[in-house]
Amino acid sequence: MANFHIKGKTAVITGASGILCSTLARELAAHGAKIALLDIASERAGQLAQEINGAGAEAVSFYCDVLNRESIEKAGQAVANRFGGVDILINGAGGNKPAATASPELSFFDLPGDALSWVLNLNLMGTIYPTQVFGRFMAKQGSGCVVNISSMAAFTPLTNTVAYSAAKAAVSNFTQWMAVYFSQNCSPKIRVNAIAPGFLLTQQNDYLLKNPDGSDTERGRKIISGTPMGRYGLPAELAGAVIFLCSPAASFITGAVLPIDGGFSAYCGV
């Protein structure tokens with residue numbers, strides 16, 4: 001069990017103030033990691049850093065736009081100045097928006113290009129750019145761990161979420177590509193994996209799964225019926241897998257995409 005630890009490691013988390021990543025930040029900090037919170041919402045990230053520090057752990061926040069290389073590089077240098085290096089990168093920035101989602105009110109044929117590009121860029125390029133910047137630190141030190149956030153939509157595209165499904169499939173592909181590149185060109189001690197969360201109720205998908213009165217939408221009912229465990233997941237239920245993937249216990253795991261989905265991806269419906 002001694003290998004299941006991340007104590008003393010420096011973890012950079014993008015999209016850090018979001019529901020999922022803020023939960024991961026708290027959990028990693030509670031297990032002894034030093035946390036660099038990167039987010040375009042710098043005020044919320046700063047509040048999260050104060051909360052983590054108040055609990056006796058160590059965290060600092062930095063403004064970062066994951067679609068702007070200059071912004072990422074500035075944040076990267078600030079992290080290096082503060083902590084001396086980077087051991088873990090969690091590419092948590094991502095999301096979807098209603099304008100890029102087909103619906104009875106908005107046909108696929110009418111989805112606006114700027115909304116589609118926003119979703120594709122945020123999820124894919126918002127993963128690639130930080131990996132370029134922080135991966136360079138890892139390449140220089142010869143070790144590190146990257147965890148990307150994929151999705152159930154990457155395995156089989158979900159209806160309606162055209163851009164999000166395509167982007168998350170690309171994130172899974174990039175995870176495998178990057179794992180091979182780091183091992184062959186930099187160091188086999190730099191690992192890249194991803195988690196693929198199942199269905200969790202968040203601000204990102206609440207409009208798809210819940211009616212205004214709090215009842216399940218038709219889509220929500222289908223999801224629950226297709227999940228053998230019969231419920232939505234909790235953000236905290238992602239933390240154990242992430243900590244494992246970042247720990248020495250996962251030293252021979254790279255290029256993997258780990259479903260955390262209550263059995264959704266294993267169930268054919270009968």
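I began with Glu 218, which forms a salt bridge with Lys 222, the closest N and O atoms being 3.7 Å apart. A salt bridge here is a side-chain nitrogen of Lys or Arg within 4 Å of a carboxyl oxygen of Asp or Glu. This is a predicted model, where local features need pLDDT of at least 70, side-chain atom pairs count only at pLDDT 80 or more, and totals for chains, interfaces and linings use all residues. Residues are numbered from 1 along each chain as its sequence is written, and side-chain values use heavy atoms, with hydrogens and water left out.

I placed both residues next. Glu 218 and Lys 222 lie in helix H7 (residues 218–225), four residues apart, about one turn of the helix. Helices (H or I, at least four residues) and strands (E, at least two) are DSSP runs, numbered from the N terminus. Both Glu 218 and Lys 222 are exposed. Buried means under 20% relative accessible area, exposed over 50%, partly exposed in between (1.4 Å probe, protein chains only).

I counted six salt bridges by this rule. One of them joins Glu 58 and Arg 82, with the closest N and O atoms 3.6 Å apart. This pair links distant parts of the chain: Glu 58 is in strand E3 (residues 58–63) and Arg 82 in helix H3 (residues 69–83), 24 residues apart. Glu 58 is partly exposed at 31%. Arg 82 is partly exposed at 43%.

I also checked Arg 231. Its salt bridge with Glu 237 has the closest N and O atoms 2.7 Å apart. Arg 231 is partly exposed, at 37% relative accessibility. Glu 237 is partly exposed too, at 36%.
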